[in-house]
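Please look over the sequence and the model below before reading on. The briefing that follows is meant for a reader who is new to them.

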Amino acid sequence: MCVPVGTRKSCPAFRLSDRASVSQRWQTGCLNMGNLLKVLTCTDFEQGPNFFLDFENAQPTESERRVWEQVNVVLKDARGVSDDLQAYKGAGAEIREAIQNPMDESLQERAWGAVVPLVGKLKKFYEFSQRLEAALHSLLGALTCMPDSPTQHLEREQALAKQFAEILHFTLRFDELKMTNPAIQNDFSYYRRTLNRMRINNIPAEGENDVNNELANRMSLFYAEATPMLKTLSDATTKFVSDNKNLPIENTTDCLSTMASVCKVMLETPEYRSRFASEETASFCLRVMVGVIILYDYVHPVGAFAKSSKIDMKGCIKVLKEQPANSVEGLLNALRYTTKHLNDDTASKQIKTLLQ
């Protein structure tokens, strides 16, 4: 549904400066199948305007291309990282045999030989998290810069919004895979213990040049997190705000809250959801919605769960709970256990109850 320009004053949430373009879109048809479909509807929930972003087909304009191409390189590699993590089997059998037979040098060598290449993969994942952080900074810089509002950026630079969403989708997928694979921390713990023992005994350690003790310490902190990629993005978003003191914090939080609204509207509106060419897009939207909620909760002073939050948390949780339980339990747990402000006194008791 589209609201005529003449009625916009009745909607307190409507904030667009380009009235001529809105009028033109109204005249040419409200439900244009472009890359971005604008939804100008007034609801009892007074947030910003809602968008329907074409996450499946959005393409960069010339003004987006420089940042888009930089981030695209990282996103292409993200697919390989996800595939490698999903295929990660670990060296549990070799490690158990080595521990049970500490005097058998051949078993020690076998376990070490199995673990070293796996730690090389873990190093690759850790280094990718740093590249992801840099990509996020580039996107946030483009989507929040002055003088335009984040809403205007998201409307105009939809290909960058799609990339932002893809980073969040990858992040939650990575963390789900990591949490369900205890072999990762078991392998890395064995690697560190063995490396320390070799150092004490002055034994040359093949593979140490790839992951030395200093790097191993940083990787250990990364993998000790239940959701390491999400922690990386949360810290990166917080750092972006602190590094850009001339940029109002609202520019960043409004970007995140608008993205949450985008995903919620697409998921709860049958007409919009029917436009997904693939049902996987619904899963994509769910992950993105949860991801931006968590980032918002880390960056906003009082978080996503307070009554003053610009995110319709009740609506978002309702959308999650309407999905098949086995497909969203991990996302609900992410809201329960990886957010910053859920247990604050300022958090809505009703929302806490909904998440129980």
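What follows is an overview of the chain, and then notes grouped by topic.

This is a predicted model, in which local features need pLDDT of at least 70 and side-chain atom pairs count only at pLDDT 80 or more, while totals for chains, interfaces and linings use all residues. Residues are numbered from 1 along each chain as its sequence is written, and side-chain values use heavy atoms, with hydrogens and water left out. The chain holds 15 helices and two strands, where helices (H or I, at least four residues) and strands (E, at least two) are DSSP runs numbered from the N terminus. Of its 356 residues, 52% are buried, and buried here means under 20% relative accessible area, with exposed meaning over 50% and partly exposed in between (1.4 Å probe, protein chains only). Among the contacts with a separation of 6 or more, 75% join residues 24 or more positions apart, a contact being heavy atoms within 4.5 Å.

**The nonpolar core**

- The largest nonpolar core has 104 residues, such a core being a set of buried Ala, Val, Leu, Ile, Met, Phe, Trp, Tyr and Cys residues joined through side-chain atoms within 4.5 Å.
- The residues with the most contacts inside this core are Phe 55, Phe 164, Tyr 191, Met 259, Ile 293 and Leu 320.
- Helix H4 (residues 105-144) gives the largest share of this core, with 18 residues.
- The core lies between domain 1 (54-226) and domain 2 (248-355), because both of them give residues to it; the domain bounds come from an automatic or database domain assignment.

**Aromatic pairs**

- The count of aromatic pairs comes to nine, under a rule by which rings of Phe, Tyr and Trp (its six-membered ring) pair if their centres lie within 6.5 Å, with planes under 30 degrees apart counted as stacked, over 60 as edge-to-face and the rest as tilted.
- The ring centres of Phe 125 and Phe 174 are 5.9 Å apart and their planes stand at 85°, so this pair is edge-to-face.
- Because Phe 125 lies in helix H4 and Phe 174 in helix H6 (residues 158-179), the pair ties together parts that are 49 residues apart in sequence, and both of these residues are buried.
- Phe 128 and Phe 170 also form an edge-to-face pair, at 5.3 Å centre to centre and with 75° between the planes.
- Phe 128 is in helix H4 and Phe 170 in helix H6, so their pair ties together parts 42 residues apart in sequence; both Phe 128 and Phe 170 are buried.
- One aromatic cluster is formed by Trp 112, Tyr 126, Phe 188, Tyr 191, Phe 222 and Tyr 223.

- Helix H9 (residues 228-243) has 16 residues and reaches 22 Å from its first C-alpha to its last, close to the expected 22 Å, the expected span being 1.5 Å times one less than the number of residues.
- The buried residues of H9 include Met 229, Leu 230, Leu 233, Phe 240 and Val 241, and what covers the buried residues of this helix includes H4, H6, helix H8 (213-224), H10 and helix H12 (280-299).
- Helix H10 (residues 249-268) has 20 residues and reaches 29 Å between its first and last C-alpha, close to the 28 Å expected.
- Because 17 of the 20 residues of H10 are buried, this helix is largely enclosed by the rest of the structure.

- Gln 108 lies in helix H4 and is buried, with a relative accessible area of 15%.
- A polar atom of the Gln 108 side chain lies 2.8 Å from the backbone oxygen of Asn 101, which falls within the limit for a polar contact (a pair of N or O atoms within 3.5 Å; within protein, one must be able to donate a hydrogen and the other to accept it, and residues adjacent in sequence count only if both atoms are side-chain atoms).
- Thr 144, also placed in helix H4, counts as buried at 0% relative accessibility, and its side chain reaches the backbone oxygen of Leu 140 at 2.5 Å.
- Leaving aside neighbours within four places in sequence, Thr 144 is in contact with residues including His 153, Phe 240 and Cys 255.
- Thr 338 is found in the loop between helix H14 (325-337) and helix H15 (349-354), and at 13% relative accessibility Thr 338 counts as buried.
- Thr 338 and Thr 227 are 111 residues apart in sequence and 7.6 Å apart in space, C-alpha to C-alpha.
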